[in-house]
Amino acid sequence: MRRWALTAVAMAACYRGGSSDESAAAHDDTGGSAGTGADTGEAQGDGAEACTADQLGPAYLRRLTAHEYRGSVETLLGPGLPDVVGAFPDDPVVGGFDNNAEALVIDDRLVERWRDAAETLGAATIGDPDRRALVVGCEPIGDDRAACLEDFARRFGRLAWRHTLDDDELAGLLAVADAAADDDDPWQAIALVIEAALQSPSFVFRVERGDVDPDDPTRVRLRGTEVATRLSMLLLGSTPSAALLDRAEVGELDDADGVEAAARELLADPRARAAMREFYAQWLQLPVLEHVVRDAAEHPQWSETLPATMTEATLALIDAFAWDEAADVRDVLTAPFGFADAELAGLYGVAAPADGLAQIDYGPDDRRGGLLTEASILTLTGKSASGLPIFRGKFLREALLCESLPPPPATVPAIPPAVEGESDRERLERHRTDPACSGCHALLDPAGFGLAEYDAIGAHRTVDSTGAPIDARGSLSGFDGFEFDGPFELAALLHDDPAVSQCLVRQLFRYGAGRRDTEADACTLDGLHQAFDDGGFSMPALIVAFVRSDAFRERPRTEDGP
Amino acid sequence: MSTTVSRRSLLRGAGVALALPWLEAMLRPRAASAGGTALPRLVTFFVPNGLPLEFFTPSEAGPDYATTPLLDPLAAHRSKLVVVSGIQGVGGPDSHAAGTSAFSTGQLCSTLGASGPSIEQVAAAQAGSDTPFRSLAVAVQDSGQWSSNGYSSACFTNTAWSAAETPIPPERDPAAMFLRLFGDGTPEASLEAERRAAYRHSVIDHVKVDLARLRGQLGADDRARLDAHLDAVRQVELRIDAVVSCEVPSLPGDLPAEIWQAGYYRRAQALLDLLAMALTCGSTRYASFMLCDGASNGGPDADLALAGQHHEIAHAGDREAMRQFSAVHVAQFAYLLDRLAEASEGDGSVLDHALVMMGTELGDGTGHTANDLPFVLAGGASGAIETGRHVALSGAPLAALHLTCLQRCGIEVDSFAGTGETLDAL
């Protein structure tokens with residue numbers, strides 16, 4: 001906790017160098033705390049300290065993300081469907097995550113794409129006898145037609161809308177099916193039920209009605225099916241299965257133990273790996289890699305296939321620590337091994353694995369090991385060859401420490417060009433003698449120096465872009481005694497620092513709740529970190545603590561709501 | 001004789017392979033100005049990273065200015081342009097997020113997005129409902145959605161905002177845009193098309209009933225989200241039976257793959273062709289076009305002799321390289337003006353009945369300042385703005401330019417982005 005306070009002091013000093021007043025309005029860099037402007041610069045870190053009252057942060061009506069839409073239709077209609085989601089408009093990214101409920105707006109083009117997607121999926125279902133048999137399970141033909149349509153609408157609607165339909169809801173879907181009564185194709189009515197269900201607000205929104213908590217009238221307790229939906233969306237990236245809805249509807253998810261039991265089962269589902277990778281990838285900014293451009297003349301080892309491999313390798317490293325109850329996930333920072341295929345091993349200068357992507361155990365001379373030496377991280381922070389430490393320091397502070405760095409001021413003086421005989425490091429040091437720059441860059445550059453021995457695509461180097469020998473001594477100002485030489489000392493310090501584990505808690509919370517955290521979430525975050533610590537910093541312990549929490553199972557009651 | 005035909009019957013001639021650009025075929029627009037009452041179109045055109053002003057700003061004000069290297073690509077349209085210099089932007093932290101947001105809204109970005117609506121959306125909300133599309137948002141660059149420095153990704157990748165913190169994500173795919181505007185080639189009169197339209201109505205009726213039911217079950221914040229959904233659904237509903245009123249070429253079968261491989265600026269021009277088509281045909285009157293994202297680090301282009309990466313170049317202050325990038329960007333603006341100028345309408349061209357505002361997020365890209373923002377206004381808004389001159393201003397506020405553009409386009413607004421000031425010089 002002490003370190004948070006020190007950091008806050010350092011942050012407040014960031015702009016002390018004589019910039020304009022408006023520049024001091026620090027936005028929350030990680031998209032963490034709700035609210036913008038000057039307040040967030042101070043508020044950062046407070047989440048861990050301000051637990052004074054047991055409160056719940058806000059809950060918003062969440063629109064399905066593209067990822068959740070894709071996962072849900074696969075559960076509903078089976079694998080191997082046409083990719084309908086690629087045509088959806090971009091979901092805005094806030095604070096690194098694309099599932100921020102406040103940012104997920106709806107416009108007419110999205111509604112059209114939902115319509116096109118539903119029509120495509122409806123046609124793909126009725127046009128494929130195997131899929132049709134699997135999904136529909138009866139034939140809407142002859143005397144059986146009415147019963148089949150009703151049975152299908154009831155089952156499909158329940159899965160799509162994540163609760164058992166009431167009479168009005170069922171009648172609504174059947175009325176749409178009726179529009180195809182005269183169609184030459186008797187299956188068209190089935191397609192229309194699919195189309196109507198998938199375009200309904202009950203599908204595209206995660207509706208949470210809840211019931212007023214009898215013990216606390218300021219809170220609304222989510223219904224079992226709504227908890228099932230939160231669980232399944234988080235852990236499987238999909239609408240819940242019929243079996244999970246069954247359990248929810250008999251009350252098995254009405255208490256924390258029941259939710260935990262269900263969560264543990266979902267975590268054992270093979271689909272959980274892919275779903276949770278969505279979280280890890282966005283947290284570590286890995287989607288940026290897909291759009292990285294590097295000059296092949298400058299980096300002969302660069303290739304079009306490397307970014308995807310780098311991403312896969314880092315996620316494999318995380319998977320190695322994120323699933324075992326006995327594993328300390330912080331060890332991902334200090335792991336003496338990583339994953340690579342032949343091409344990435346070539347970049348790393350280590351022996352290529354026999355086949356595909358495989359684990360590589362690093363020796364001391366390999367200068368490799370742990371998350372910070374992953375080519376993915378080093379490349380996505382490798383924006384400019386001579387300014388590498390800046391972006392790497394920014395990554396450490398934002399992604400791993402959840403600090404809210406203010407944006408660059410309104411007028412950015414360029415980093416001065418190098419003078420003859422000056423190293424990259426000396427150039428940045430000279431830049432920091434400008435008081436207008438030193439406030440923030442004192443936080444950024446020395447943090448990034450620890451990774452100076454890797455170039456802009458993550459290859460090891462012994463000299464910087466000017467040919468000067470690497471000097472990897474650095475520090476994290478605001479963190480008492482936090483000085484290091486090189487990536488491994490840096491990683492070891494981060495590994496044991498509570499700021500890092502607290503940040504991971506916050507990042508999971510933001511992703512899981514689909515919103516920025518607020519002061520009202522302070523006690524929740526505190527409790528989660530305690531459970532994380534008690535559980536030996538295992539990810540299953542953190543995830544279980546999260547789904548057991550009041551924040552996961554309840555929401556505040558809104559004054560104007562029914 | 002009316003040239004109005006249904007959207008699908010246009011496409012009966014499907015299979016006619018057209019080389020790019022698509023719009024060599026003469027458009028036959030609906031006589032939009034025949035009645036003389038249609039409001040001018042309003043379009044924004046965004047280019048990134050400021051401009052090297054010494055290559056842009058004419059030395060002289062007024063009609064007799066000597067052209068400059070960055071105005072040369074627009075020479076053919078000189079009589080239809082107002083070059084505006086000396087606009088004071090809205091400076092704020094992260095000059096790219098601030099400037100990209102302010103370009104069309106006059107306001108800064110917050111964590112969730114711009115702090116107010118963009119000009120073409122203000123116009124669309126007031127006067128856009130008599131066209132099939134209230135507005136169109138189009139962009140070229142796909143540099144990834146990434147939040148930076150505490151700002152939503154939309155602060156860098158959108159210039160269209162229907163309200164504060166409410167981006168309209170742009171369309172980037174020419175083939176998808178073509179289908180959206182002009183249909184899938186199913187003949188309108190066919191049984192198939194009629195049946196499809198009936199089914200769509202049936203599904204939308206159902207969606208509306210569901211929205212009404214949910215609305216009664218949720219709190220005010222959530223109801224606002226449902227209302228946004230309902231508004232979007234109603235727009236889509238109206239389009240089920242909408243007609244496109246000019247002849248358009250069919251979509252060449254191999255276009256989608258070809259266009260994504262054809263190079264950045266070829267794809268930009270395909271999108272501009274479609275935008276021009278939509279504006280000419282009366283599909284919409286209001287649009288935004290982003291040639292690149294704010295802070296674009298658009299890269300080398302062998303065909304155009306562009307080297308390096310634009311944002312890095314701007315920071316480094318390589319003036320000649322900056323000129324080369326910006327010249328290519330202005331040339332794309334010229335391409336749009338060419339398309340609008342060659343489409344005749346009433347006593348002039350579609351361009352004459354439009355106001356197309358080209359601008360960028362910074363003044364001079366190297367200093368990343370919001371001072372001396374450069375703009376070009378093209379078309380004159382059906383004569384509401386006197387064209388053929390350079391209006392040299394000295395610190396006139398950006399929102400005053402916005403408000404002036406809106407008013408000259410016949411939009412009834414007294415203030416925009418908190419200002420009631422307009423630019424008398426225009």
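In the predicted model, A:Val220 stands opposite A:Arg555, a residue of strand 9 of chain A. This pairing belongs to the contact between strand 4 (residues 219–221) and strand 9 of chain A, which run antiparallel and are joined by three bridges. Both strands are part of an open sheet of three strands in chain A, with the order 3-4-9 and antiparallel pairing. Strand 3 (211–212) and strand 9 of chain A each have a single partner strand and stand at the edges, so one side of each is left without a neighbour in the sheet. In general, the strands of a sheet pair through backbone hydrogen bonds, in either a parallel or an antiparallel manner.

Rolling a probe the size of a water molecule over the atoms shows where empty space is left. The count comes to 14 cavities of 30 Å³ or more. The largest cavity holds about 190 Å³ of space. It is lined by 19 residues, of which A:Ala59, A:Arg230, A:Ala513, A:Arg515 and A:Ala551 are the closest to its centre. Two or more lining residues are given by each of helix 21 (498–513), helix 24 (550–553) and strand 9 (554–556) of chain A. Divided by class, the lining of the largest cavity has ten nonpolar, seven charged and two polar residues.

For the second largest cavity, the volume is about 140 Å³. Its lining consists of 13 residues, and those nearest its centre are A:Trp283, A:Val329, A:Arg330, A:Val332 and A:Leu504. At least two residues of this lining are supplied by each of helix 13 (271–283) and helix 21 of chain A. Helix 21 of chain A gives the most, with three residues. The lining of the second largest cavity has eleven nonpolar residues, together with one polar and one charged residue.

Between the two chains, 78 residues of chain A are in contact with 68 residues of chain B. The area buried between chain A and chain B is about 5900 Å², and carbon and sulfur atoms give 57% of it. A:Asp90, A:Asp108 and A:Arg109 supply 10% of the area that chain A buries against chain B, more than any other three residues. Eleven salt bridges are counted between chain A and chain B. In a salt bridge formed by A:Glu119 with B:Arg200, the closest N and O atoms are 2.7 Å apart.

Residues of both chains also line the second largest pocket, whose volume is about 640 Å³. Of its 32 lining residues, A:Ile106, A:Asp107, B:Ser162, B:Thr166 and B:Ala228 are the closest to its centre. Helix 4 (108–126) of chain A gives two or more residues to this lining, as do helix 2 (119–127), strand 5 (136–139), strand 6 (161–163), strand 7 (166–167) and helix 6 (220–240) of chain B. The largest share, six residues, comes from helix 6 of chain B. By class, the lining of the second largest pocket divides into 17 nonpolar, ten charged and five polar residues.

Definitions and conventions: Residues are numbered from 1 along each chain as its sequence is written. Chains are lettered from A and ligands numbered from 1 in the order in which they are written. This is a predicted model: local features need pLDDT of at least 70, side-chain atom pairs count only at pLDDT 80 or more; totals for chains, interfaces and linings use all residues. Side-chain values use heavy atoms; hydrogens and water are left out. On a 1 Å grid over the protein atoms alone, a cavity is a set of points where a 1.4 Å probe fits but cannot get out, and a pocket is an open set with protein on both sides within 12 Å along at least five of seven lines; lining residues have an atom within 4 Å of a point. Grid points are joined across faces, edges and corners, and a volume is the space filled by probe spheres set on the points. Helices (H or I, at least four residues) and strands (E, at least two) are DSSP runs, numbered from the N terminus. Ala, Val, Leu, Ile, Met, Phe, Trp, Tyr, Cys and Pro count as nonpolar, Asp, Glu, Lys and Arg as charged, and the others, Gly among them, as polar. Two strands pair if DSSP finds at least two bridges between them. Contact means heavy atoms within 4.5 Å. Buried area is the accessible area (1.4 Å probe) that two parts lose on being put together, summed over both. A salt bridge is a side-chain nitrogen of Lys or Arg within 4 Å of a carboxyl oxygen of Asp or Glu.
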